[in-house]
Each structure stands twice: as structure tokens, then as C-alpha cells.
Amino acid sequence: MKFGLMTQIQMPRPWTETTERNAYWDGLAQGVAAEAAGFEYFWITEQHFLIEIGHAPASDMFLAALSQRTRTLRMGLGVVLLPLHNPFSVAERVATLDILSNGRVEFGTGRGTTSYILKGMGVDPAKGRELGKESLEAILKMYEGEFFTGYKGQHFDLPARHVTPRPIQRPHPPLWIAATNLETYEFAGRQGFGVIGVTRNSQDDTKAAVQRYRAAATGSDRSSQIGKVVNNQVAVFGIACCHDNDRVGRELACAAARWYYGDNDAELNHMRFTTAGGVAKVRERISGLSNDDLIENGMALGGDADTLSRQVEKWANCGLDQMIFMIQAGNTNHDQVMRSIELIGEKVIPRFADKDYAIAV
């Protein structure tokens with residue numbers, strides 16, 4: 001099984017003049033450390049306007065910088081919010097990143113589920129899914145040959161053009177989609193996407209969703225497949241911390257998870273988790289759980305290396321190809337993130353190096 005690291009550059013207040021600058025440079029250092037520790041993927045979300053929650057509006061630029069500091073780490077766009085961008089621009093920037101990284105891009109896409117972001121960019125949230133579908137269809141057509149013959153849909157009427165550069169990975173980088181809702185797994189499988197889920201869904205529900213995904217991804221019906229190549233991979237991400245002291249690791253992971261899932265006073269906290277019933281619903285759920293509950297149900301992954309490994313084993317048995325840790329979350333500081341990465345590399349990743357948990361259907 002493979003391991004990934006995820007960030008959205010969270011920055012809880014209070015801030016100083018250098019807080020934001022330090023967060024970016026710390027994020028790059030964390031990516032470099034992740035590669036050295038044996039992580040194979042680095043994922044960064046695309047965020048707009050949500051101060052404190054996520055300061056990552058230009059994920060491709062961040063990954064371009066990280067690609068020059070690493071050699072094997074896969075550059076995960078997790079995800080590009082397609083309705084916010086012109087398809088020509090996305091095709092150009094993803095291909096540019098693929099060239100700069102020497103063919104290491106993982107191309108995650110999504111429609112965006114936060115109305116505050118979509119409306120701020122002048123996009124009707126009700127049209128997000130169709131906008132995203134048409135945009136991706138056009139982008140992949142741009143990658144098919146040296147000359148793009150144009151695309152006409154309900155929302156886009158794109159003229160024929162030379163679209164440069166073209167990605168190193170042909171016909172296109174691996175495609176992924178985020179799946180906060182379990183219903184998205186099967187949809188992703190039919191489309192040929194890899195899927196990134198979240199550990200706040202139960203292990204039983206996730207395992208069933210993975211089984212539906214595998215059946216759809218390997219089925220004979222390819223009529224709804226968008227990509228030219230099926231990316232039959234399942235990952236999940238969870239808020240995590242690994243520490244030399246088991247109790248401290250659990251407490252840090254749980255504190256970060258509570259902050260991430262809405263137990264904070266960030267100014268725009270109330271704008272989040274639109275598709276999960278709103279942040280109030282998520283906060284209500286998490287506030288009624290003890291730290292032991294958070295660890296048990298996967299909303300937090302934390303402790304020392306032995307404890308964390310046992311938690312990973314349970315999630316791996318859902319049929320995963322990749323476990324993604326979001327360690328830079330809430331008030332977890334840079335030193336704690338770096339020590340977590342080091343410990344995971346030394347004592348967790350090696351335990352799973354030769355194990356395959358993918359579910360056969």
C-alpha cells in the first residue's frame with residue numbers, strides 16, 4: 001500500500017506579518033521530508049476566500065515549486081475546481097506542471113461543493129457538476145493530439161486551437177475525483193477515475209463503497225468513461241498525528257480533527273461542508289464524541305507508531321491502494337508535522353510496503 005500527505009495550508013489566527021509566508025515554506029519543507037520518509041504522493045487542495053481554513057488558491061504553482069525540490073514524489077492536484085477556470089487554462093497549467101515535474105502529476109478534479117467559493121467566482125453552484133463534466137471532456141480532448149479541433153457543449157463553445165504544452169504522461173495524467181459522499185465511489189468507477197474518500201465515513205460503509213467502485217471500474221460498461229485510461233485506485237485521507245508519546249499523539253490528532261471539522265471560531269467556518277448538511281451538523285456530531293470515539297471511528301488517526309499502524313491496518317482492510325494523512329491541520333505546528341512525517345517514515349510505512357489490500361471483484 002502507498003502513502004500520501006495532504007495539505008490545504010491551514011492558518012488559524014492569530015497571525016503575524018510572516019505567518020502566511022512561513023506556512024508556504026513550511027509546506028514545501030514538509031513535502032521534501034515526505035519524499036525522504038517514503039511517502040509517494042503529496043496532495044494539495046484548491047481553496048479560495050476561506051481565510052484560516054485554507055490558503056491554497058494556486059495549487060499548481062505550489063506543486064511546481066515542490067517538484068523542483070523532489071524527484072519521485074507524485075504531485076497531487078486534489079482537486080482542481082474545474083467550474084472556476086477556463087478549460088484551456090487548466091489544460092495548459094496541468095501540462096506545464098507535468099513537464100516541470102517530469103511526468104509526476106496526479107490530476108484530481110471536482111466541481112466545488114462550497115457555495116461561498118463558487119458564487120465568489122461568479123459560478124452558479126447548481127451548474128457546477130455540468131460545468132465540471134464539460135470542462136474535463138474538453139481538456140482531455142485537448143490532450144489527444146497536437147491540434148485541438150474544438151468543443152461545443154451547453155456551457156462551453158471552445159474554438160479550434162493549438163494547445164501547448166502537452167503533458168509528458170500520455171494520453172493524460174491519472175484522473176482522480178474526491179468522494180466525501182459514499183455515492184460518489186461508484187460514479188467514479190464508471191467514469192474511470194481514481195477516488196479519494198475520507199475517514200469520517202465508517203470503515204464498514206467505506207468497504208462496501210470500495211467494492212461497488214471496483215465492480216464499476218472493472219465492469220464491461222465503458223459508455224460513461226471520460227478518461228482514455230482507467231485509474232483503478234482508491235485512497236482515503238484522514239486528520240493524523242504520529243508522536244513518540246502515544247497519548248500526546250492521540251490528543252494532537254483529535255485537536256486537529258476537531259478544528260478541521262468545525263470546532264473553531266474561524267470567521268468563515270460557517271461556510272463549509274455544504275454537501276454534508278453544513279458545518280453546524282458536522283460540529284454537532286464531533287462535539288458529542290470523546291477523543292477515544294474520534295480515534296475509533298476514524299475522524300482522527302493518532303498516537304505513537306504502533307497505535308497509528310493498527311488504525312491504518314483497519315482502513316487498509318477496506319480495500320485501499322493509498323492512505324493519505326493530513327497532518328498540517330488546525331493548530332498542529334510545523335515541528336510536530338515534521339516529527340510525524342519522520343516517525344511515519346521510520347515505523348509505519350515499512351510495515352505496509354509489501355502488502356496489497358485492493359479488493360478483487
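Guide: Helices here are DSSP runs of H or I with at least four residues, strands are DSSP runs of E with at least two, and both are numbered from the N terminus. This is a predicted model, where local features need pLDDT of at least 70 and side-chain atom pairs pLDDT 80 or more, while totals for chains, interfaces and linings use all residues. Residues are numbered from 1 along each chain as its sequence is written, and side-chain values use heavy atoms, without hydrogens and water.

Visitor: How many helices and strands does the protein have?

Guide: Its C-alpha trace spans about 60 × 50 × 40 Å along the principal axes. Within that span, the protein has 12 helices and 11 strands.

Visitor: What volume does the largest pocket have?

Guide: On a 1 Å grid over the protein atoms alone, a pocket is an open set of points with protein on both sides within 12 Å along at least five of seven lines, and a cavity is a set where a 1.4 Å probe fits but cannot get out; lining residues have an atom within 4 Å of a point. Points are joined across faces, edges and corners, and a volume is the space filled by probe spheres set on them. For the largest pocket, that gives about 1,100 Å³.

Visitor: Which element gives the largest share of the lining of the largest pocket?

Guide: There are 45 lining residues, and Val79, Gly112, Thr113, Ala178 and Thr180 lie nearest the centre of the pocket. Two or more residues come from each of β3 (74–81), β4 (105–110), α4 (115–120), α5 (128–142), β7 (175–178), α6 (183–191) and β8 (194–198). The largest share, 4 residues, comes from α5.

Visitor: How many charged residues are in that lining of the largest pocket?

Guide: Ala, Val, Leu, Ile, Met, Phe, Trp, Tyr, Cys and Pro count as nonpolar, Asp, Glu, Lys and Arg as charged, and the others, Gly among them, as polar. Beside 22 nonpolar and 17 polar residues, the lining of the largest pocket has 6 charged residues.

Visitor: Which helix gives the largest share of the lining of the second largest pocket?

Guide: The second largest pocket has a volume of about 270 Å³. Of its 17 lining residues, Gln10, Ala23, Asp26, Gln328 and Thr332 are the closest to the centre. By class, its lining has 4 nonpolar, 12 polar and 1 charged residues. With 6 residues, the largest share comes from a helix covering residues 19–37, namely α1.

Visitor: Which strand gives the largest share of the lining of the largest cavity?

Guide: A search of the whole structure finds 1 cavity of 30 Å³ or more, and the largest cavity has a volume of about 30 Å³. Leu5, Met6, Thr7, Gln30, Phe42, Ile327, Gln328 and Val337 line it, a set of 5 nonpolar, 3 polar and no charged residues. The largest share, 3 residues, belongs to the strand at residues 2–7, β1.

Visitor: Where is Val79, which a cis peptide bond joins to Gly78?

Guide: Most peptide bonds are trans. The bond between Gly78 and Val79 is cis, with omega about 10°, and so is the one from Arg13 to Pro14, with omega near 10°. Pro14 is found in the loop between β1 and α1, whereas Val79 lies in strand β3.

Visitor: What is the phi of Glu52?

Guide: Most residues other than glycine have a negative phi. Glu52 sits in the loop between β2 (41–44) and α2 (59–67). Although Glu52 is not a glycine, its phi is positive, at about 75°.
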